[in-house]
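I opened my notebook to keep track of what I looked up, one entry at a time. Come along and check each entry against the picture.

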Amino acid sequence: MSFNLLPAKNGEEPTMQFLLEVVDILTNYVKKTFDRSTKVLDFHHPHQLLEGIEGFNLELSDQPESLEQILVDCRDTLKYGVRTGHPRFFNQLSSGLDIIGLAGEWLTSTANTNMFTYEIAPVFVLMEQLTLKKMREMIGWPNGEGDGLFSPGGAISNMYSVMIARYKYFPEVKTKGMSAAPRLVLFTSEHSHYSIKKAGAALGFGTDNVILLSTDERGRVIPADLEAKILDAKQKGYVPLFVNATAGSTVYGAFDPISEIADICEKYNLWLHVDGAWGGGLLMSRKHRHKLNGIERANSVTWNPHKMMGVPLQCSAILVREKGILAGCNSMCAGYLFQPDKQYDVTYDTGDKAIQCGRHVDIFKFWLMWKAKGTAGFEQHIDKCLDLSQYLYNKIKNREGYEMVFDGVPQHTNVCFWYIPPSLRGMPDGDERREKLHRVAPKIKAMMMESGTTMVGYQPQGNKVNFFRMVVSNPSATQSDIDFLIDEIERLGHDL
Ligand SMILES: Cc1ncc(COP(=O)(O)O)c(C=O)c1O
């Protein structure tokens with residue numbers, strides 16, 4: 001029974017035994033995750049899991065369950081989940097299972113502390129500050145000066161950027177609300193992540209005031225369209241405030257031309273944010289960082305180590321060029337938490353800069369991985385993932401039964417393509433073919449999940465019917481896994 005565990009009297013022995021058994025379950029899971037003969041997932045519909053499978057009961061119990069049952073619950077939870085570290089899991093931008101990162105997360109949970117004050121998280125707070133500085137240096141801000149925070153994900157980091165932009169130009173909104181500002185508009189690419197629009201809604205701008213910018217055929221913002229839309233907004237009497245440039249878009253992996261966008265932002269005095277949630281990691285690669293040229297001119301940057309850099313979820317940074325603005329925007333100076341008369345330098349109490357109160361320790365696993373790999377290790381990982389996606393691109397670009405969604409070598413690891421089953425290959429383009437093709441990727445994906453062999457994402461985009469979006473961020477993937485994915489798509493899709 002769990003009441004035998006610490007802090008119960010004589011609880012050391014049962015606690016050690018229990019934790020060792022948990023470790024056994026976890027390490028078995030880790031080993032199997034890297035074994036290609038293990039399935040990526042054992043798919044069940046929600047109603048099946050809710051009804052209970054082979055004794056796995058999700059219902060909460062009134063009475064305590066035995067520790068044996070708790071261990072079974074741990075095993076079952078992993079059994080019916082998805083192995084996102086499996087070498088053939090390509091479904092999400094965040095994937096992989098980094099052993100050092102895992103150890104870091106375990107240590108973090110063991111320490112079970114809160115990032116809001118130096119008082120209770122002295123080591124983690126300093127690690128966060130040093131790591132953010134290093135990231136700012138990589139962005140190219142002089143001496144790594146500036147500000148930042150780890151937040152609960154890229155969407156929230158993007159929201160921070162909109163908040164601080166508004167604070168910079170209209171600080172009185174903090175106290176008086178939106179009535180203290182004119183009608184403000186935000187600009188972002190039609191290919192950008194939906195979190196910019198969501199920030200517009202959540203922060204009281206309204207989604208109608210988030211203006212979508214046109215892109216070229218590769219999904220990159222057309223700077224002239226930005227300028228035209230700024231002028232149009234001004235003419236209507238609105239006040240342009242903020243531009244988001246995406247470095248690595250979610251579906252196409254496109255990098256907006258940051259320098260050209262920065263020129264326009266300077267000309268019209270607008271806040272420039274770079275959403276590098278997905279592409280920020282490329283700053284670590286000497287070979288690929290040129291894709292973010294101009295990022296040093298941004299006012300703020302989102303960068304998610306939990307995507308391209310394989311850090312366990314969650315780990316996302318909002319980085320800001322101007323020091324102090326995060327605190328200015330968000331601080332409420334709650335006297336019961338951020339007492340100004342503590343015995344240490346209270347500028348290390350960073351919690352009031354955040355919109356949260358309590359904040360999870362996201363830094364430690366990242367810091368530990370950086371120590372273990374070095375910057376060189378991250379660079380190798382990123383270069384390898386980009387090489388693998390190029391391998392995939394080269395393999396399918398002229399292969400029978402494939403059509404690329406856009407021409408040319410992808411900028412990031414995103415490879416977007418249609419698989420055309422033999423039954424559609426001779427069919428002339430038109431509504432019928434489009435409707436049929438739209439159904440191909442979801443059908444293949446469903447069969448993939450039922451057989452549990454691999455996972456890859458699909459979506460429509462604009463007027464383009466459903467296509468596969470392959471991404472590589474998983475350090476365990478090799479060319480053979482890419483080959484496997486293609487074989488599997490063909491095996492499952494051949495007769496559609
Ligand atoms: C470009 C981009 N920005 C922001 C996000 C949101 O990041 P998160 O899922 O960490 O909130 C994503 C997620 O895929 C993304 O691709």
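**Entry 1: ground rules.** Helices (H or I, at least four residues) and strands (E, at least two) are DSSP runs, numbered from the N terminus. I am working with a predicted model, where local features need pLDDT of at least 70 and side-chain atom pairs count only at pLDDT 80 or more, while totals for chains, interfaces and linings use all residues. Residues are numbered from 1 along each chain as its sequence is written, and side-chain values use heavy atoms, with hydrogens and water left out.

Entry 2: Then I looked for exceptions. The peptide bond from Leu-313 to Gln-314 is cis, with omega near -5°. I found Gln-314 in the loop between S7 and strand S8 (316-320). Another cis bond runs from Leu-6 to Pro-7, with omega near 15°, and Pro-7 sits in the segment before H1.

Next I turned to phi. Glu-54 is not a glycine, yet its phi is positive, near 45°. Its place is the loop between helix H2 (46-51) and H3. Is Glu-54 buried or exposed? I needed the cut-offs here: buried means under 20% relative accessible area, exposed over 50%, and partly exposed in between (1.4 Å probe, protein chains only). With a relative accessible area of 70%, Glu-54 is exposed. Asn-269 also has a positive phi, of about 60°, without being a glycine. I located Asn-269 in the loop between helix H10 (258-268) and S6, and at 51% relative accessibility it counts as exposed.

**Entry 3: helix H3.** I wanted to check the length of this helix. The expected span of a helix is 1.5 Å times one less than its number of residues. For the 13 residues of H3 (residues 67-79) that gives 18 Å, and the end C-alpha atoms are 18 Å apart, so the two agree. Which residues of H3 are buried? I noted Leu-67, Leu-71, Asp-73 and Asp-76. Helix H1 (12-33) is included in what covers the buried residues of H3.

I then looked up distances to oxygen atoms of the ligand. A polar side-chain atom of Thr-250 lies 2.8 Å from one, and a polar side-chain atom of His-306 lies 3.0 Å from one. For an N or O atom in the side chain of Lys-307, the distance is 3.4 Å.

**Entry 4: two buried serines.** Ser-95 is in the loop between strand S1 (89-90) and helix H4 (99-111), and at 7% relative accessibility it counts as buried. What does its side chain pair with in a polar contact? The side chain of Ser-473 is one partner, at 3.0 Å. (A polar contact is a pair of N or O atoms within 3.5 Å; within protein, one must be able to donate a hydrogen and the other to accept it, and residues adjacent in sequence count only if both atoms are side-chain atoms.) The backbone nitrogen of Asn-474 lies 3.4 Å from a polar atom of the Ser-95 side chain.

Asn-474 came up again with Ser-476, as the side chains of these two residues make a polar contact at 2.7 Å. Ser-476 belongs to the loop between strand S12 (464-470) and helix H15 (479-493), and it is buried, with a relative accessible area of 16%.

Terms used. Contact = heavy atoms within 4.5 Å.
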